[in-house]
Structures are given as C-alpha cells and as structure tokens.
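The model and its sequence are shown first.

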Amino acid sequence: MFGTAATGRAAKAAATATATATATATAGQEEQVVEDCRGGGGGRKGRTLSLHERYSVARRHIGSPPVVAIVAHVPHLRPAALAGLVEPRIAALLAAYPLLACRVDNPASRAAAWAEIVPPPSAAAILHRYYDHGKDDRNDGDHAAVHDIIANEHRFGADIDYARGPLWRAAVYPLPASLRTGGAGGAGGALLAVTIAHVVGDGKTALHLLHALLSDRLPEDPHAVVVEPPTTTTQQRQQQQQAPPPPLVLPARCEDTIPEYRPSLGTIAASVASELLVPLLPAFVQPLFKPPTVWPATVSAADDADASLKRPIDCPPRVVSLFVPADTVARLKAAGKKIANAAAAAAGGASAAAPLATLNTMLHTAVLLALMVYTAEDVQGGLGDGGDVDPSRGPPLATYTAMSLRRDVSSAAASAPHPPPHPRLTGNYVGAASFRTPSSRAALFSQPVAAHLRAYEARVHSVAGRRVAAAALGVLAFVPDDPRDDGDGTAALPVALPPRAGDGAVVWVARPTGWERMWWDKAAAGKYWGTAELSNLGALPRLVGGGKVGATEAEVGGVWFSQTPPVVGDAFIVDAVGCGAGVGLCVSWRDGAVPGPSSSSSLLLPGGGGGAGRGGAAAAGEHLARLLGAAVRVLATAAAAWESESSSSSAAATVTVGELAAATAVEAAAAAAAAAAVASTSSLL
C-alpha cells in the first residue's frame, strides 16, 4: 500500500535541505502562510480523526491536499433558478449532518479532532455563483469545458483551511462552451458542482451530496439529525436555553465499524518488512524481496532524454474529461456479459469459470488497454495501421481500484449479525484493491480476456478481495507516529513544507507528526509506485420527488467526478460516475511528473506532443484519455460483432487482451489521422 519510504540519514538530510531552501526562498514574502495548528476555537468538540481522515490531513500538509469534485449538467434549469433551488437544501443538509458544519481542531497534531465551526456556516456561504459577476470574482464566468470547471473546483479545494472550515461547497456555473455546442445532455441548462475536502467524506459522500441537492427531499438515512420544530412558548425557549448543549454526534470512524480494517498479522508483517527492513538491505539484494517495478517507476533518467521529468510534488495537477453516452455504456455491459457467457459455455457451463464482468470491470479493462498502448515500446512501423508502437512489448503495470466499504440501510439489514449502516453523507469508508499485470508483457498480451476479467473480479468483487482492500488502509494504524530523533538530539526538526501547486504559499508545520514525516519522505523520493487508480462511484441514485428537478436520474444530462492527483502513489487517476445519459470519465495527473509518449508517435493528435523523448510530452493525461476513449469504442464494437454469435462458438471466449490492445492502437491511430486531416483542411481555408 505504502511503497518504499525514503529512509536513512541521507534521505532525511535531503528532505530537510529541500525544506530549508523553500523556507529561505520565501522568507519575508507576504504570501507566506504560517499554519495555525490551534484552529478557530470555540464550539463543541467531537471525536478524534479516523485513520483515513488523518491520512487526508497529512497529504494536505505535504502540499497535496486531497479534493473530491463532482459536477452535474442540469439541462432544464438556468443558473439563477438552479441556485434558488439548491440554497435551501444546503441549509437542510447543514442541519441534518453536523460534520458538514465542522472543522479540524489541531490538524497538525497527534490529537487532531472534529469541532464545530463558530459561528456555523450559512447556506449562502456554502453556495458560490459563477454566473453572477461580482459574487465570485476568481475565475468567474468563462469555462470552455467541463474539465475547466473541475479544475477550478480543485483549486478551491486546495485552498480549504482545515482548521477553520467550511470543508465543502456547492457552486453553480453557466453551461460551458463544449456543452453549448453539443455533447452530454444537450445544449441548455446549467452545471452544479459539489466539492469536498476528502477529510470530511469520500466519493460516495460527494455523490450523495449532489443527489440530495437535486432531490425534493432528503433520502432516508438513520444518521441524519432530526431537526425539531421551533418552540413557541416563552417557558420552552427558556428551558432550551438553560439546558446544556447536546453532544456532537458524528459518523463513526472506519476502523471502529469495519472489521476488515484490522489487518492480519501476515499483512502487518509484510508492511513492516517492506517499509523498515528491506530498505536496510544492500541495494543489490533489495529487488529479491520486492515485487517487480512497474511503470512509470521503470522509466530511468537515461530514458528521459531531455531531463524534463520532475518530482510529482513539484508539478501542478491537471484534469481532462470525456463522456460515454448511454448506448455505448449498454454495449460495454453487453461485451462483458458475452465474454462471461462464452467463458462459461467453453468450460461446460461451469459458473465458477465465468467472470461477473460488471461495468466497473469493463471500465478497468478499457483503462488497461489504454495503458498498454500508452506504455508500448516504440518500433518502426510496429502495427501498420496501429502506428509506431507495439503493445506486446512494454513494462509491467499496476492499478489500484478504490472500493466503497460503506454499508447502506439495505446491505446492513441483509448482513449478520446486522451491524449498523453507515451514513449516506459524510465519513470515509473506503478500501483499495491492487491489481498487477504479469511481469512479462508477452504473457499479458496472450492472456484470454475472460481470464483477465476473472482475475480482476477476484481482487475487487469478492469477500476475500474486500478484506484485503480494507486491510490495505487499515495498516495506516501502524504508521510510526512518535517524534523522531534527527541526529542532533531534537525530537523533530521544524519543517517548511513545499508550496501547494498553483500558489506561492508555504504551509509551515513546526513539529510535524510521524505521518507528515513519512509522507514527505515518500514525496521527496519523487517516484510513483503504481500506474493508475480507477475509482467508480456507480450511478447517480434516482432523484427523490417530482419537483422542478424531476423524478429520474435521466433528467440529469451528464455527471463527472474527479479527485486531485496525489504526489505519492499512482501516476494517473481515472474517475467514473454514471447517470441515465451515460458515464462521465475524468483523467487527472501531475503535469510534468508523468512520462509522456514520443512526440513523433502517430497516435498523437496534431499539436498533442511535447518535446523530444517520453518525458517531453506535456499533456500525458490528455493522451491517455484519448486512448481510453479508443479502448471503450473497441470494446463496444466487439460487443456488436459478438451479438449474433452463439455462446459455444463466440470469439468472445477466445479473444485475448493483446488482440484488443492492438485494436485500440489502430483505433487511436485512425482518430489521430482523422483529426490531422481536419486540421490540415482548416489551415487551407
């Protein structure tokens, strides 16, 4: 889960030197910010932070604040009408879910806890209007595409002050140019964005916040606070004022409600060995005790011809969006079912041989195909119509799949011995399932797709997979948290953490906890340990009621969600969420930290390449998004071709990962050639 930390005196000295240089460069400047570890003061205090919540705080303190943003296209309401509809619902949410009106008290300490914001935030303070000039001056009004709006929300989230709050907001935007000229959901309406600091909730929280703001009434949730009607008599009001305030009731911590968060002794031993013991071995021995290195960690300095690759911590986040319409989503699902049925028929009807092939699994397959083409070795004329890359030759890959471990009312009732459900909104209840391809690209290339789907399903959609995914975050309980002796007799040296991407402010933490020190050591090492993360929220639930925003999710013209890319972990983040109109996809990355494709590749769109060498391409995520779109089209086309075949003779039973990867390269090359032709024609007009 954690990868290899930068350990030893040399690594500490390097991190301290970097911090000192940063502090020196910014000393005396007005934009320097000193972190207020005490918080805003006042208000009721709540429980201490959970493991995942504290992980989010530590990430912010090293300059990589985790932010979750979700955006919906509401096609039948203009911006002012949508804002008028949403504002009173924000007030209802603030009353029903106390965590939405909380801040983090003493965030840079081992005693970080929740506390009320005093005075409590108003709905007007939570809602931002980007259609009304003068209300919000920063980046107001002009956004060309959905991902421009998401990037704006990411910037807001990066500036959230955890010690003061609020930790979330809603925003209404006019329709961007890309939707006014066609695309998801038509050409009218407005966009509603909901953005949260990850410390206050996970992706499901953002999804259900969006759902609640678009519904006529709050969904059923036993965790919601019942707001009593105001008292009417003078005696009742006096009694209410004299009574002590009720305790601050907040969602339970993940490690207290999910038994799988307690890792086994074997998991603990493996983490301790990889983090503490293996780094002490001689360098030539360490590879014997580590899994194979995966891309992009396989890219050495020699491969980076123009030395343009930077540490992720030094690179700004970027995001790009695309939308898969409902008919293509249906064909993706059909492709999965056809592969599963064909695999079962080939195995004599044995259900154990058939993968479940959910939409999430097919999305992961599309991500894998895109990554295979992205990381393929350059060859002269390698695939003919597929351009100058050969997907059968390339480095091993590793993906993580974010898993929701949240129990809703129905799943809690169906489980034994009936543990209580988690709240629909607020709280972090997630796990992370890892998936590694074979170390040999040739072995992956020749693997039947059915076998690949079955292996992925076993990691993600099984009881054992859920246990492993939860334990991957449960080991956070064993992060060394005592002050460290840095060699000069002090427990912990003052550290000036790096500036957040996009501004010149430095977050100071005078005495960082073990969490900050561990994650800063990892960030200072400047290496990703994974290739990509897939996070799929599923579909926006059916909207409640029959008001101006109607009764079904089909009335939302499109929905997208995106997380800010980390500085430690995976090079790419692929986020997915659906509605009746289709599935929105976002790819985020750190611009300049991820090796890009060769600038001469025939798979690039005109102007899509950067400088020479793999490290020179500036828009790595844009290229991956185009390949992801090509992979989705290949899978959808395959489903149509398999539709008329019987299960017993279907090519779906024998199709290999390599065949689909090669088809993805061909599809991407054709799309690039078509775009080049259009660009050439336009230049002649």
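## Confidence and basis of the model

The chain has a mean pLDDT of 76, with 67% of its residues reaching 70 or more, where pLDDT is the predictor's confidence in each residue, on a scale from 0 to 100. Over residues 134–141 the pLDDT is below 50, and this stretch has 18 contacts in the model beyond near neighbours in sequence, a contact being defined by heavy atoms within 4.5 Å. Residues 380–386 likewise have pLDDT under 50, and for them the model has 15 contacts beyond four places in sequence.

This is a predicted model, in which local features need pLDDT of at least 70 and side-chain atom pairs count only at pLDDT 80 or more, whereas totals for chains, interfaces and linings use all residues. Residues are numbered from 1 along each chain as its sequence is written, and side-chain values use heavy atoms, with hydrogens and water left out.

## The chain as a whole

The secondary structure comes to 19 helices and 19 strands, taken as DSSP runs (helices H or I of at least four residues, strands E of at least two) and numbered from the N terminus. Of the 685 residues in the chain, 52% are buried, that is, under 20% relative accessible area, with exposed meaning over 50% and partly exposed in between (1.4 Å probe, protein chains only).

The accessible surface is about 27400 Å², and carbon and sulfur atoms account for 58% of this area, as given by the Shrake-Rupley method with a 1.4 Å probe. Among contacts between residues at least 6 apart in sequence, 78% join residues at least 24 apart.

Strand E12 (residues 398–404) runs antiparallel to E13 and is joined to it by seven bridges, and threonine 401 stands opposite alanine 433 in E13.

## The three-stranded sheet

A second open sheet, of three strands in the order E2-E5-E4, has antiparallel pairing. Strands E2 (45–48) and E4 (102–105) are its edges, each pairing on one side only, and its neighbouring strands are turned by 30 degrees against each other on average, direction ignored. Four bridges join E4 to the antiparallel strand E5 (residues 113–116), with aspartate 105 opposite alanine 113 in E5.

## A helix pair and a buried glutamine

The axes of helix H3 (residues 79–96) and helix H7 (residues 203–213) come within 9 Å and cross at roughly 125 degrees. H3 and H7 are therefore oblique to each other, given that angles under 35 degrees count as roughly parallel, over 145 as roughly antiparallel, 65 to 115 as roughly perpendicular and the rest as oblique. Val86, Arg89, Ile90 and Leu93 of H3 make the contact with Leu209, Ala212 and Leu213 of H7.

Glutamine 563 lies in strand E17 (residues 558–563) and counts as buried because its relative accessibility is 14%. Leaving aside residues up to four places away in sequence, glutamine 563 touches Val67, Val68, His154, His198, Glu533, Ser535, Ile573, Asp575 and Ser588.

Methods
Two strands pair if DSSP finds at least two bridges between them. Axes are lines fitted to C-alpha atoms, for helices over the stretch in contact, and angles run from 0 to 180 degrees between N-to-C directions.
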